[in-house]
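Work through the exercises below with the sequence and the model open. Each task is followed by a solution in steps.

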Amino acid sequence: MSERKVLSKYYPHDFDPRQYIGKGTKFNARKGIADETHIGIIIFRFFIQCPQCAAEITYKTDPQTGDYACERGAARSSQAWRPSDTEEETTEERIGRLEQDEQQQQGKQGHGTTIKQLEKHTLVAETDIAFADALDEIQLRNAGATEFMAQT
């Protein structure tokens, strides 16, 4: 069991206890479920304690942006890049765009080749090749007969 003991603590290269908690710090956290959801996705709330002052820090997941949001006891030192408000689409616009994409996909599948169409095309190609071979054979026979007639 001695290998489980931690003899030294890891401090990242950017750690400054006066500014913020360093990235890569491990915490024991309590997990709770928030009262809200986003398009049926459950939003979780996490409670941790600050390693310097033992104050409670609360943040929750934000599935809309794929990030998290600080609620209490902390401030973000950097913000993830997000599109501006003018670029964001509303839920109705997103649903309309997705429905339009789905209709386009169905349209492509309807006009695309199916197995039956491919089989029909292959059969037509095979019969065309058979007719061309038969025609070549007839022309060779006729050419041979013409040469025979010319020799006599």
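**Exercise 1. Disulfides**

Determine how many disulfides this predicted model contains, and explain what rules out a bond at C53.

Solution. 
- Step 1. The criterion is a pair of cysteine sulfur atoms within 2.5 Å.
- Step 2. For C53, the closest cysteine sulfur belongs to C50, and the distance is 3.7 Å.
- Step 3. C53 has a relative accessible area of 54% and is exposed, while C70, at 32%, is partly exposed.

**Exercise 2. Bridges from strand to strand**

Follow the pairing from β1 to β2, on to β3 and then to β4, giving bridge partners on the way.

Solution. 
- Step 1. β1 and β2 (residues 41-49) run antiparallel and are joined by 6 bridges. Two positions can be checked here: G32 stands opposite R45 in β2, and T37 stands opposite I42 in β2.
- Step 2. β2 pairs with β3 over 5 bridges, in the antiparallel sense. R45 has K60 in β3 as its bridge partner.
- Step 3. β3 (residues 56-62) pairs with β4 over 5 bridges, again antiparallel. D62 has D67 in β4 as its bridge partner.

**Exercise 3. Two hairpins**

Find how many residues separate the strands in the β1 and β2 hairpin and in the β2 and β3 hairpin, and name a turn residue with a positive phi in each.

Solution. 
- Step 1. Between β1 and β2 there are 2 residues. In this turn I39 has a positive phi of about 50°.
- Step 2. Between β2 and β3 there are 6 residues. In this turn A54 has a positive phi of about 65°.

**Exercise 4. Aromatic rings**

Classify the ring pair of Y59 and Y68, then say which residues make up the cluster of ring pairs.

Solution. 
- Step 1. A pair of aromatic rings is described by the distance of the centres and the angle of the planes.
- Step 2. The centres of Y59 and Y68 are 5.4 Å apart, and there are 65° between the planes. Planes over 60 degrees apart count as edge-to-face, so Y59 and Y68 form an edge-to-face pair.
- Step 3. Y59 is partly exposed at 25% relative accessibility, and Y68 is partly exposed at 34%.
- Step 4. The whole structure holds 2 aromatic pairs. Ring pairs link F46, Y59 and Y68 into a cluster.

**Exercise 5. A charge over a ring**

Which ring does the charged end of K31 sit over, and how far is that end from the ring centre?

Solution. 
- Step 1. The ring is that of F44.
- Step 2. The charged end of K31 is 4.7 Å from the centre of the F44 ring.

Technical notes. Residues numbered from 1 in each chain as written. Predicted model: local features only at pLDDT ≥ 70, side-chain atom pairs only at ≥ 80, totals over all residues. Heavy atoms only, no water. Pairing = 2+ DSSP bridges. Helix = DSSP H or I, 4+ residues; strand = E, 2+ residues; numbered from the N terminus. Buried < 20%, exposed > 50% of the residue type's maximum accessible area, 1.4 Å probe, protein only. Phe/Tyr/Trp six-rings, centres within 6.5 Å; stacked < 30°, edge-to-face > 60°. Lys NZ or Arg CZ within 6 Å of the ring centre and 35° of its normal.
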